[in-house]
Amino acid sequence: MIVDAESRTDSDLPTFAPTQLHPVVWSGASAHWATHQYRVVVREAAEGLTVHWKERLGRNDVDDTVFWQQTLSPGAQEPGKPKLTWPGALDDKTVRSMRGGLEPLAKALNLLATGLNLTVRNVTTHTRTELSEQEAMERLAAYSYLARLLDRAGDRRARAGAERDRRGLSGPLTSTSGV
């Protein structure tokens, strides 16, 4: 295996195309990519993803970090503060498996979104330190991964949550409203 790895040429390596990132992430980043303003690229992608989800969930009432903390936290949602959940029917084996594994993942996503907001978005907003192309791609990839996971979820509204709780279907990451 080592011989195989050592014998590969650069043309054998996988390519990374920023244009293949999540559309919300790339749309925020693309305008500045060609000008090599990588700090701005990352900041705009981060803000674009947060704005996208805040608008989609109707949550312009909180700062960005608090938004991610509330939206991806475990436990019951409150009126006006929808949470993202994993979609699907409870009798589907894959859905049950995803929901069973997503409670710890939701906690991790909460930490990832909060961490990205604090260490990437805030730093690129409040400093003038430029990033290399590689550093920008790595940060954009983290945001793109987060965006794709969020797309697979749907929002769980408090009003619908009360009905599911009554029917015994409560818990984090249980149902969607089809956002």
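Visitor: In what order do the elements of the protein run from the N terminus on?

Guide: In this predicted model, the order is α-α-α-α-β-α-α-β-α.

Visitor: How is the packing of two helices to be described?

Guide: Two packed helices are described by the angle between their axes and the distance between those axes. Here, the axes of helix 3 (residues 38–57) and helix 6 (residues 133–152) come within 9 Å and cross at roughly 10°. Angles under 35 degrees count as roughly parallel, and helix 3 and helix 6 are therefore roughly parallel to each other.

Visitor: Which residues of helix 3 and helix 6 make the contact?

Guide: Helix 3 contributes residues including Val-41, Val-42, Leu-49, Trp-53 and Arg-56. Among those from helix 6 are Glu-133, Arg-139, Leu-140, Tyr-143 and Asp-151. By class, this contact of helix 3 with helix 6 has 13 nonpolar and four charged residues, with no polar ones.

Visitor: What percentage of contacts between residues at least 6 apart in sequence join residues at least 24 apart?

Guide: The share is 64%. As for burial, 39% of the 179 residues in the protein are buried.

Visitor: Where does pLDDT stay under 50?

Guide: Where pLDDT is low, the predicted coordinates should not be read in detail. In this model, pLDDT stays under 50 over residues 159–179. Among the elements, helix 7 (residues 158–166) has the lowest mean pLDDT, 42, while helix 2 (residues 23–33) has the highest, 93. For the protein, the mean pLDDT is 77, with 76% of its residues reaching 70 or more.

How values were computed:
Residues are numbered from 1 along each chain as its sequence is written. This is a predicted model: local features need pLDDT of at least 70, side-chain atom pairs count only at pLDDT 80 or more; totals for chains, interfaces and linings use all residues. Side-chain values use heavy atoms; hydrogens and water are left out. Helices (H or I, at least four residues) and strands (E, at least two) are DSSP runs, numbered from the N terminus. Buried means under 20% relative accessible area, exposed over 50%, partly exposed in between (1.4 Å probe, protein chains only). Contact means heavy atoms within 4.5 Å. pLDDT is the predictor's confidence in each residue, from 0 to 100. Axes are lines fitted to C-alpha atoms, for helices over the stretch in contact, and angles run from 0 to 180 degrees between N-to-C directions. Angles under 35 degrees count as roughly parallel, over 145 as roughly antiparallel, 65 to 115 as roughly perpendicular and the rest as oblique. Ala, Val, Leu, Ile, Met, Phe, Trp, Tyr, Cys and Pro count as nonpolar, Asp, Glu, Lys and Arg as charged, and the others, Gly among them, as polar.
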